[in-house]
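The numbered points may be read beside the sequence and the model.

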Amino acid sequence: MSVGLPVGTRKGTPQTLEVGVLPAPIGGIDGSLNFASNNPMNCVYAYNILPSEFGLRTRLGWREYVTGCEFTPSAGLGVRSLIPYTGTGAFGDRLFAVTNEGIWDATSPTQTPTRVFTFPSIISRAGFGTFAHYTTAAGAELLLFADEENGLHQYDPPTNTWTLATGITGVPIIDIVFVVVHKLRIWFIERDTTSAYYLPVASISGAATEFTFGSKFRHGGDLVGLYNWTIDGGDGVDDYLVAVSRSGDVIPFQGEDPSAAATWRSVGTFFVGEMAVGRRCGGENGGDLFLVCEFGLVTLSELLRGNIVTPQRGTMNGKIARFLRADF
């Protein structure tokens, strides 16, 4: 016996699936929005994946180039600074690695590098520092490195040697922790103070003149760094010298001679929150000066335009502020 079913009494279920295309998030990480409202061109998080022209690519790898930068076993604390030197004429390019034990020649790949300078003190923050290239009026080239623990050192290309800097008076060489060149002058910062010192134009030695920033730092703190900032302030392109305190006061200065009150002046006072640890918390890129601080990644051009600096705002800061704040 068979049972028949009526034909045409059941209707099919309507399709509920929607087909769409999600593009690769070539906009990179955007942690400022929640997942539901985020732009599909961005991603909430990415690990070892970077935006590229046609989508995403994995982060490039690395390999060991120079190993063995340790003189005493278990005393070396790793490479803390890298100092490249671009030579001219008969002097070739060189690369130096700095550890808490001294300065090492890392120009060529090797497992047994040569320590070309030995630091007398290997404690605390030895090996962390800043460097600057300088060419004198006579055409002589040198490389300056200010170590956080051991003071100012200089590299002489013709002899390929590092020595403790000499010929500078007015500031203890051992207490110089920062060096920068601004408008043909070499500037230094003295450890744990709000004072900077500068040499005469086109000079690598002589009497250093003190310039005190402390009265201009409304939130206190010592002088962390001095940075160059190239900008057109209305009178043509000029190089400003930007002083930054540990507490986050940022003061750009315009002029050439700090001793000339009529032409040397500050062009603003800004606050960006406490600075990141160390003195390498500022750097020039693409015609702007970037500072890594409590508010994230802040640009000086943004401050000059009067933009309010908040943890969620910034030209490059907004998308990654949440992650930076977690680290700080």
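This is a predicted model: local features need pLDDT of at least 70, side-chain atom pairs count only at pLDDT 80 or more; totals for chains, interfaces and linings use all residues.

1. On terms: Ala, Val, Leu, Ile, Met, Phe, Trp, Tyr, Cys and Pro count here as nonpolar, Asp, Glu, Lys and Arg as charged, and the others, Gly among them, as polar. With these classes, the lining of the second largest pocket comprises nine nonpolar, two polar and one charged residues.

2. The largest pocket has a volume of about 360 Å³. It is lined by 21 residues, of which Thr130, Phe131, Phe178, Val179 and Val180 are the closest to its centre. At least two lining residues come from each of β3 (81-85), β7 (129-135), β12, β17 and β22. By class, twelve residues of this lining are nonpolar, six are polar and three are charged.

3. One cavity of 30 Å³ or more is counted, and the volume of the largest cavity is about 50 Å³. Its lining is made up of Leu142, Leu144, Leu152, Gln154, Ala165, Ile168, Ile186, Phe188, Leu199 and Ile204. The strands β8 (141-147), β9 (151-156) and β13 each contribute at least two of the lining residues. Nine residues of the cavity lining are nonpolar, one is polar and none is charged.

4. Which residues have the most contacts inside the largest nonpolar core? They are Trp187, Phe213, Leu223, Leu226, Tyr227 and Val250, in a core of 37 residues. Two or more core residues are given by each of β12 (176-182), β13 (185-190), β14 (195-198), β17 (223-232), β18 (237-245), β19 (249-254), β23 (288-293) and α1 (300-304). The most comes from β17, which gives six residues. In soluble globular proteins, nonpolar side chains tend to be buried together.

5. Beyond its neighbours within four places in sequence, Phe213 is in contact with Trp187, Thr194, Ala196, Leu223, Leu226, Ala243 and Phe253.

6. Why is β23 described as largely enclosed by the rest of the structure? The reason is that five of its six residues are buried, where buried means under 20% relative accessible area. On one side of the pairing pattern, β23 runs antiparallel to strand β22 (residues 282-285), with four bridges joining them. Asn285 stands opposite Asp288 of β23. The hairpin of β22 and β23 has two residues between the strands, and in it Gly286 takes a positive phi near 60°.

7. β23 also pairs with strand β24 (residues 296-299), in the antiparallel sense and over four bridges. Here Val292 has Leu297 in β24 as its bridge partner. The two strands form a hairpin, with two residues between them.

8. Glu284 belongs to strand β22. Its relative accessibility is 48%, so Glu284 counts as partly exposed. Not counting residues up to four places away in sequence, Glu284 touches Asn228, Trp229, Thr230 and Leu289. Its C-alpha atom is separated by 19 Å from that of Ile320, which is 36 residues away along the chain.

9. Most residues other than glycine have a negative phi, and most peptide bonds are trans. With a relative accessibility of 53%, Ser124 counts as exposed. Asn160, which is not a glycine, has a positive phi of about 55° and lies in the loop between β9 and β10 (161-164). Asn160 is partly exposed, at a relative accessible area of 34%.

Terms used. Residues are numbered from 1 along each chain as its sequence is written. Side-chain values use heavy atoms; hydrogens and water are left out. A nonpolar core is a set of buried Ala, Val, Leu, Ile, Met, Phe, Trp, Tyr and Cys residues joined through side-chain atoms within 4.5 Å. Buried means under 20% relative accessible area, exposed over 50%, partly exposed in between (1.4 Å probe, protein chains only). Contact means heavy atoms within 4.5 Å. Two strands pair if DSSP finds at least two bridges between them. On a 1 Å grid over the protein atoms alone, a cavity is a set of points where a 1.4 Å probe fits but cannot get out, and a pocket is an open set with protein on both sides within 12 Å along at least five of seven lines; lining residues have an atom within 4 Å of a point. Grid points are joined across faces, edges and corners, and a volume is the space filled by probe spheres set on the points.
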